[in-house]
2 protein chains.
Amino acid sequence: MTASFHSPLGATSFSDDKMQKVNLYESAQMFCDVYCLLPGQSQKPHTHDENDKVYHVLEGVCEVEIGDETQKLEANELAVAPAGVVHGIRNKSGSPASVLVIMAPHPNFNG
Amino acid sequence: MTASFHSPLGATSFSDDKMQKVNLYESAQMFCDVYCLLPGQSQKPHTHDENDKVYHVLEGVCEVEIGDETQKLEANELAVAPAGVVHGIRNKSGSPASVLVIMAPHPNFNG
């Protein structure tokens with residue numbers, strides 16, 4: 001695959017240290033990452049005032065919190081956090097999880 | 001699932017008439033659609049001057065054209081068309097295909 005074509009599950013990288021973010025693409029308009037969560041790892045709830053975020057689970061199971069709602073998402077399920085809405089993700093399962101994450105616009109792009 | 005949580009493969013809608021676009025979410029920052037392509041259906045190559053587009057195949061097989069490169073993508077493979085780069089998608093297989101499509105920013109959002 002080239003810079004335009006990606007196999008996200010082939011790009012995963014896990015660390016016992018913390019959740020890993022593998023970047024596939026970025027521009028001023030967006031970033032497209034793969035978040036790689038071992039059991040117990042998470043991204044704590046936080047908010048972006050001007051950026052939307054989409055979580056799309058590729059493998060495994062994650063709990064995703066959007067505003068005051070939390071749901072367990074499996075592969076091929078997704079969640080959207082609109083700008084200004086608190087959101088976070090946790091892997092409370094016993095297996096690794098990989099999640100495609102797209103944020104728009106990019107919060108801090110240095111082209 | 002609520003407005004924040006979606007199961008894209010449960011939202012697919014196919015038509016013999018043409019490729020269907022099912023919207024899951026939209027804002028000024030992005031849209032998130034599922035493109036539903038029966039065998040032989042396509043979105044012709046075109047360009048957006050200021051918008052990036054991500055195609056992420058959910059099921060089936062599609063040919064995706066980005067600039068001067070065309071690749072066959074299966075489930076869990078993705079392609080990125082940066083702003084200004086010609087792109088298109090075709091289902092040349094014998095089975096239906098569903099593709100998660102995110103464009104940022106939204107090209108014509110009417111909030």
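Colleague: Hi! Which strand does E6 of chain B pair with, and in what sense?

Modeller: Hello! Strand E6 of chain B, residues 62-66, pairs with E9(B) in the antiparallel sense, over 4 bridges. Keep in mind as we go that this is a predicted model.

Colleague: Thanks. Which residue stands opposite B:Glu65 there?

Modeller: That would be B:Gly88, in E9(B).

Colleague: And what joins strand E4 of chain B to strand E9 of chain B?

Modeller: 3 bridges join them, and the two strands run antiparallel. Strand E4 covers residues 42-46 and strand E9 covers residues 87-90. If you want a spot to look at, find B:Gln43, which stands opposite B:Ile89 in E9(B).

Colleague: Let's change topic to the two chains together. How can chain B be laid on chain A?

Modeller: By a turn of 180° with a shift of 0.0 Å along the axis, which gives an RMSD of 0.0 Å. That is the relation of a two-fold axis.

Colleague: Which residue of chain B comes closest to the rotation axis?

Modeller: B:Ala104 does, with its C-alpha at 3.1 Å from the axis.

Colleague: How many residues of chain B are in contact with chain A?

Modeller: 32 residues of chain B are in contact with 32 residues of chain A. On the chain B side, E1, E5, E7, E8 and E10 each supply at least two residues. The largest share, 4 residues, comes from E5(B).

Colleague: How do the residues on that side of chain B divide into nonpolar, polar and charged?

Modeller: There are 18 nonpolar, 11 polar and 3 charged residues on the side of chain B that touches chain A.

Colleague: Why do the copies meet through the same surface?

Modeller: Because 100% of the interface residues of chain B are also interface residues in chain A.

Colleague: Now the sheets. What is the strand order in the open sheet of 6 strands?

Modeller: The order is E2(A)-E3(A)-E10(A)-E5(A)-E8(A)-E1(B), with antiparallel pairing.

Colleague: How do side chains point along a strand, in general?

Modeller: In a regular strand the side chains alternate between the two faces of the sheet.

Colleague: On to backbone details. Is the peptide bond from A:Ala104 to A:Pro105 cis or trans?

Modeller: It is cis, with omega near -10°. A:Pro105 lies in the segment after E10 of chain A. In chain B, the bond from B:Ala104 to B:Pro105 is cis too, with omega near -10°, and B:Pro105 is found in the segment after strand E10 (97-104) of chain B.

Colleague: Is A:Asn76 buried or exposed, and why?

Modeller: A:Asn76 counts as buried because it has 20 C-beta neighbours inside 10 Å, and 20 or more is the cut-off for that class. B:Asn76 counts as buried as well, with 20 such neighbours.

Colleague: Last one: where does A:Ser93 lie?

Modeller: A:Ser93 is in the loop between strand E9 (87-90) and strand E10 (97-104) of chain A. With 16 other C-beta atoms within 10 Å, A:Ser93 is partly exposed.

Colleague: Which residues does A:Ser93 touch, not counting those up to four places away in sequence?

Modeller: A:Pro39, A:Gly60 and A:Val61. A:Val61 is 32 residues apart from A:Ser93 along the chain, and their C-alpha atoms are separated by 6.5 Å.

Definitions and conventions
Residues are numbered from 1 along each chain as its sequence is written. Chains are lettered from A and ligands numbered from 1 in the order in which they are written. This is a predicted model: local features need pLDDT of at least 70, side-chain atom pairs count only at pLDDT 80 or more; totals for chains, interfaces and linings use all residues. A residue is buried if 20 or more other C-beta atoms lie within 10 Å of its own, exposed if 12 or fewer, and partly exposed in between; C-beta atoms are placed from the backbone. Two residues are in contact if their C-beta atoms, placed from the backbone, lie within 7 Å. Copies are superposed by least squares on the C-alpha atoms of residues with pLDDT of at least 70 in both. Two strands pair if DSSP finds at least two bridges between them. Ala, Val, Leu, Ile, Met, Phe, Trp, Tyr, Cys and Pro count as nonpolar, Asp, Glu, Lys and Arg as charged, and the others, Gly among them, as polar.
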